[in-house]
Amino acid sequence: MKVPFLNLRDVTLKYADEIHEAVRRVIDSGWYLQGEENARFEGHYAEYVGTKYCVGCANGLDALIWIFRAYKEMGIMRDGDEVIVPANTYIATILSITENGLTPILVEPNPETLEIDETLIESSITERTKAICVVHLYGRNAMTEKIAELCKKYGLKLIEDNAQAHGCRFDGRRTGSIGDAAGHSFYPGKNLGALGDGGAVTTNDEELAKCIRALANYGSQKKYIFKYAGRNSRLDEIQAAILNVKLKHLDEDIAERQRVADYYYDHIQNPLISLPKRLRHTENVFHLFPILVRGKENRDKLQEYLMRNGIGTVIHYPVAPHKQECYAKEEWNTPTMKLPITERLADEELSLPMSPCLTDEQVATVVECINKYK
């Protein structure tokens, strides 16, 4: 039996009739940018997340870039200021910081949760620190009371990278509404995915929202009048309409992902494999299901074995950001940092098939193959 890592066609087919109708509605309207669909989605998503404002943009990286850029335009941050960020993350989080002339301060993850280690943050705070950026990686909540206390104690902005955690919660609130601002990605493979690129910023800060909306529209708050030197980074009407459809079904899709994850947690038994700490369903929406395989050689061999048995997997992520060539000569990374936990995760992480469309038989097949591996 073949078990794909993620079959986007099956995910889309679940709501195909509604999606086709939404796309037809946009095509027939004759209005393709910054129209009713965009406004409708922004309103619905802000309500879902629990914020006053949502600003659609072109993709998740841009969403994070605009947050930091807006804080610079507002005089809250300036070149060289520091942002504490998990070392174990997709590179987009760090790109958004360096794109704005800010300095990323990489902090190791907790090896049990795979999220930023709250106990290591305070020692990294300096007089130049202006923000902590938490990343809800793999769909797991990364926020803690300790992080909130540190932000309050040192007067730091709290930025959330919520690209992988739509629908996740912390302390009764959805991620994306916990900090001062949050970036979201609607890349097709995400829990809330468009049929192309898309992103958004959520916040309760009206001034920040207005600044971001202008920056993402060439820097204009009024047609042909440019307050900022911005860029074109807008969520188009077709993607907004599709996202409106999929948002209605997000919670039921998350429940299906949690069903799959529960089976993995309850049945994977292999001495070479460890699973990250099990969180409550409210705190994990399972964008991904990462496992850790003892040693890079074993990880790579397991991936090959699963592939031979028709099971798709992906490594998230095989090269840590501080090891990437693009950051090899940065002052904050010279000589190249030594981050042993992050580097071990890069060597040992393997993501299993995860989708709201996986059948019980497919999930059982994955577990059976894993448990047989020696």
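Analyst: A crossing of two helices is left-handed if the near helix is turned anticlockwise from the far one by less than a right angle, and right-handed if clockwise. In this predicted model, local features need pLDDT of at least 70, side-chain atom pairs count only at pLDDT 80 or more, and totals for chains, interfaces and linings use all residues. Residues are numbered from 1 along each chain as its sequence is written, and side-chain values use heavy atoms, leaving out hydrogens and water.

User: Which hand does the crossing of helix 9 and helix 12 have?

Analyst: Right-handed. Helix 9 covers residues 250–267 and helix 12 covers residues 360–372 (helices are DSSP runs of H or I, at least four residues; strands are runs of E, at least two; both are numbered from the N terminus).

User: What makes helix 9 and helix 12 roughly parallel to each other?

Analyst: Their packing angle is about 30 degrees, and their axes sit 10 Å apart. Angles under 35 degrees count as roughly parallel, over 145 as roughly antiparallel, 65 to 115 as roughly perpendicular and the rest as oblique. So helix 9 and helix 12 come out roughly parallel.

User: How do you know whether Leu114 is buried or exposed?

Analyst: Leu114 has a relative accessible area of 2%. Buried means under 20%, exposed over 50%, partly exposed in between (1.4 Å probe, protein chains only). Leu114 is therefore buried. Leu114 also has a positive phi of about 70 degrees, though not a glycine.

User: And what is Tyr218 called, with its relative accessible area of 41%?

Analyst: That value makes Tyr218 partly exposed. Tyr218 isn't a glycine, yet has a positive phi of about 65 degrees.

Methods:
Axes fitted to C-alpha atoms, helices over the stretch in contact; angles between N-to-C directions.
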